[in-house]
Amino acid sequence: MRDNDKFNVSSYVKNRLKQLQEDKLYDYSVFDQIPKEKKAAFRQIISRLAKDGLIVKLGNGKFYKKGYRKAVSKEIVHIKPHRKEWLKMGKVPVNILKHRLSRNLFWSNPKGKVDVENVIVAVIEKGSLDDLDFIRFSFGDNKVREVFLRYFDINSKPIVRDILSV
């Protein structure tokens, strides 16, 4: 058992970050060794690491360690969700998707609802760049990034990676 007064949160977080893979989605549970009395210091360190660009926070205790990119630096545009009700329900009515997406990706479910994550995965896999804009504006960049990091190898889809600034 560690002495909580001598526990150095900063060095623990930095050492733990070195062990994590780049471009993979994590939640704050990877730092579960931090004592409860040191949680305020932990949040401050995480914010500082995000500000320095070592990690990218995706909200609700999720982040990823950004890998090396050979790209021109550009200002990151952050799109907030316009369809918060879909995010709260976790589902999207298919009849709306039929008219908003360039292709009918959910033809086998004509009157039902589709999980938000399934919509994002289907659009990234098979959709056009216009469809990517639709899901970004509907669900917000953070949700789309989270799903992209969870289900895809980001190097297999470099155009999507660059659009999402992952």
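Helix α5 (116-126) passes helix α6 (residues 129-139) in a left-handed crossing, a term used where the near helix is turned anticlockwise from the far one by less than a right angle, the clockwise case being right-handed. The model is predicted, so local features are reported only at pLDDT of at least 70 and side-chain atom pairs only at pLDDT 80 or more, whereas totals for chains, interfaces and linings use all residues. Residues are numbered from 1 along each chain as its sequence is written, and side-chain values use heavy atoms, with hydrogens and water left out.

The packing angle of α5 and α6 is about 155°, and their axes lie 9 Å apart. Axes are lines fitted to C-alpha atoms, for helices over the stretch in contact, and angles run from 0 to 180 degrees between N-to-C directions. The value makes α5 roughly antiparallel to α6; angles over 145 degrees count as roughly antiparallel, under 35 as roughly parallel, 65 to 115 as roughly perpendicular, and the rest as oblique. From α5, Val 116, Val 119, Ile 120, Val 123 and Ile 124 meet Asp 131, Leu 132, Ile 135 and Phe 139 of α6. Contact here means heavy atoms within 4.5 Å.

Several residues of α6 are buried, namely Asp 131, Leu 132, Phe 134, Ile 135, Arg 136, Ser 138 and Phe 139. Buried denotes under 20% relative accessible area, exposed over 50%, and partly exposed the range in between (1.4 Å probe, protein chains only). The cover over these residues includes, besides α5, the elements α3 (84-89), β4 (91-93), α4 (94-100), α7 (141-151) and α8 (158-164). Helices (H or I, at least four residues) and strands (E, at least two) are DSSP runs, numbered from the N terminus.

Arg 136 and Ile 79 are 57 residues apart along the chain, and their C-alpha atoms are separated by 6.8 Å. Ser 138 is likewise buried, because its relative accessible area is 5%. The side chain of Ser 138 reaches the backbone oxygen of Phe 134 at 2.8 Å. With neighbours within four places in sequence set aside, Ser 138 is in contact with Pro 81, His 82, Arg 83 and Trp 86. Just after α6, Gly 140 takes a positive phi of about 90°.

An open sheet is formed by 3 strands in the order β1-β3-β2, with antiparallel pairing. Its edge strands are β1 and β2, each of which pairs on one side only. Neighbouring strands of the sheet are turned by 35° against each other on average, direction ignored. Helix α7 packs on this sheet and touches β1, β2 and β3, its direction making about 115° with that of β2. Strands of a sheet pair through backbone hydrogen bonds, either parallel or antiparallel; two strands are taken as paired if DSSP finds at least two bridges between them.

Strand β1 (residues 25-27) pairs with β3 (residues 62-65) over 3 bridges. In this pairing Leu 25 stands opposite Tyr 64, and Tyr 26 opposite Phe 63. Strand β2 (residues 55-59) pairs with β3 over 4 bridges, with Gly 59 opposite Lys 62. The hairpin of β2 and β3 has 2 residues between the strands, and Asn 60 takes a positive phi near 50° there.

Most residues other than glycine have a negative phi. Asp 23, a residue other than glycine, has a positive phi near 60°. Asp 23 lies in the loop between α1 (9-19) and β1 and is buried, with a relative accessible area of 16%.

Overall, the secondary structure of the protein chain comes to 8 helices and 5 strands, which run from the N terminus as α-β-α-β-β-α-β-α-β-α-α-α-α. Of the 166 residues in the protein chain, 38% are buried. Among contacts between residues at least 6 apart in sequence, 60% join residues at least 24 apart.

Note on methods
Polar contact = N/O pair within 3.5 Å; in protein donor to acceptor, adjacent residues only side chain to side chain.
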